[in-house]
Amino acid sequence: MVIRLHNSLTRQLEELRPLRPGTVTMYHCGPTVYSSPHIGNFRSFLFADVLRRFVEDQGLAVTQVMNITDVGHLTLDDIEGGEDKMEAASKKTGKTAWQIAEQYIEEFRLCQQQLRVRLPHHMPRATEFIAQMGVIIDDLLAKDVAYQVNGSVYFAIEKFPAYGKLSGKVIDELEEGARVAVNDEKHDPRDFALWKVDAKHQMQWDAPFRGGSRGFPGWHIECSAMSTHYLGEQLDIHTGGEDNMFPHHECEIAQTEAHTGKRFVSIWMHARHLLVDGKKMSKSLGNFFTVADILGKGYTGLELRYALIRVQYRQSLNFTLAGLDEARAAIARVQQCRRRLVRLRDGLERAGGDSLGEAVTSANEAFTAAMSDDLNVSEALAAVAALVAASNKATPLRDDATAALAAFARFEDVLGCFGDEPAAVDEAPAELRQLLGQRNAAKKQKDWAAADRIRDEIAAAGWKIVDAPTGARLEKA
Ligand SMILES: [Zn+2]
């Protein structure tokens, strides 16, 4: 099946045609590690994860790189103003910028685990790639596309006429925005920094290129260095949040293409912002949630993942707590269905004569078609729900139960939001199993009142007693 993805650069759906047949290279702008990851960040990271999983599902190999920005990302990066986010967090907490980075890298990795993200093959830190950035800066200086002022280095955008092609920003508009920032060093207010000199900055390096001064890199050059180091001069896919498009990705294109002379990325993909309760997430509105906040409310990582991926990445997604409850119910429906199929497959329930073959085939086809259409996850979830409905209606042949389970395993492999295949029977906690024994004894003695009381007690714990010819057993209610 042909995979079609929306390319932000051409503003149309394009077929994914890897430069090296059979292998797709992907680069994702990762977190800036100055605070706890919030659910808006993870909408974008989970989109990248689902993209990778589906491409792999289609039989292609993937090499995936996600960077960690631990220096150089300014609080007002669109106008090259404010201060380094790492340094600002350092001032607020009294920790060093290095300690801040360690703390939030660890937190980010924990969130990846909790949200069942398949780990990218490489997750480099910007601070470990200063030398590679120097190689590019050196070359841009030699080509006269960049210039040095007082040890800092700026990219001259007049030397790159295609600047603005991704974001569609016209030159006048750019000038208007850049005028806000006062920086006498720049020849043109729209130029952007590759290397900055600031004696007060905590994270500093000797210039990794000829003739520069001690300083730190600009945010944009980091991604060019890390992506090309691992994936080569040309990538198949580059993703980020929609706010990365300008200036970050625009600048990545300019400096990388000026350096290599080749098209940098085939397909640019951008995830839309997450809305919470219909509004942009902000601390002042009280609708700002970190991943830890949501898990602290008793929701699981799986439920949060479901709620964040359930709408196609380019559509606006309104996140609500009610949406998490819906996610919980939807996951339970799938898992209950799978559990019954497991029991049928394993002979714990009598199989019937209904055929499910057609439902399995059409669910698989609809799922593939939906995902191939620019990762239309909501349509793909509809295909999963259709197979649940068909399975619940049928008492299938044992082989068909097996086939349906394989389809559900595939859906889980791609979306990762349902959980592993459930066991045929849940092992009830020891105290409930003990109660079941007491109830069996009460029944034997024909003490119906006691038997009923114990049954109610078990029900209150969320379990039910199933009387079967082989004896009574406990099942999750
Ligand atoms: Zn980036």
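An open sheet of four strands, with the order β7-β8-β9-β10, is held in antiparallel pairing, where two strands count as paired if DSSP finds at least two bridges between them. The edge strands of this sheet are β7 (146–149) and β10 (216–217), each of which pairs on one side only. Strands, like helices, are DSSP runs numbered from the N terminus, a helix being a run of H or I with at least four residues and a strand a run of E with at least two. The structure is a predicted model, in which local features need pLDDT of at least 70 and side-chain atom pairs count only at pLDDT 80 or more, while totals for chains, interfaces and linings use all residues. Residues are numbered from 1 along each chain as its sequence is written.

Helix α4 (residues 130–142) lies across β7, β8 (152–155), β9 and β10, and runs at about 105° to β7; axes are lines fitted to C-alpha atoms, for helices over the stretch in contact, and angles run from 0 to 180 degrees between N-to-C directions.

A parallel arrangement is found elsewhere in the chain, where strand β11 (residues 235–241) pairs with β12 over six bridges, and Gly240 is placed opposite His270 in β12. Together with helix α7 (residues 245–260), β11 and β12 make a right-handed β-α-β unit, right-handed in the sense that, with the strands pointing away from the viewer, the path from the first strand over the helix to the second runs clockwise. Strand β12 (residues 265–271) is mostly covered, with seven of its seven residues buried. A residue is called buried if 20 or more other C-beta atoms, placed from the backbone, lie within 10 Å of its own, exposed if 12 or fewer do, and partly exposed in between.

Helix α7 also holds Gln255, which counts as buried because it has 28 C-beta neighbours inside 10 Å. Leaving aside neighbours within four places in sequence, Gln255 is in contact with Ile136, Leu140, Phe155, Leu194, His220, Ile221 and Ser224, a contact being a pair of residues whose C-beta atoms, placed from the backbone, lie within 7 Å.

At the level of the chain, there are 15 helices and 17 strands, and buried residues make up 43% of the 477 residues. The chain is divided into domain 1 (16–271), domain 2 (291–415) and domain 3 (430–476), with bounds that come from an automatic or database domain assignment. The C-alpha centres of domain 1 and domain 2 lie 36 Å apart, and 17 residues of domain 1 are in contact with 20 residues of domain 2. On the side of domain 1 that touches domain 2, α1 (39–57) and α3 (97–114) each supply at least two residues, and α1 gives the most, with ten. The residues of this side divide into eleven nonpolar, two polar and four charged, where Ala, Val, Leu, Ile, Met, Phe, Trp, Tyr, Cys and Pro count as nonpolar, Asp, Glu, Lys and Arg as charged, and the others, Gly among them, as polar.

Val50 lies in helix α1 and is buried, with 24 other C-beta atoms within 10 Å. Not counting residues up to four places away in sequence, Val50 touches Ile309, Leu375, Val377, Val414 and Leu415.

How values were computed: Contact = placed C-beta atoms within 7 Å.
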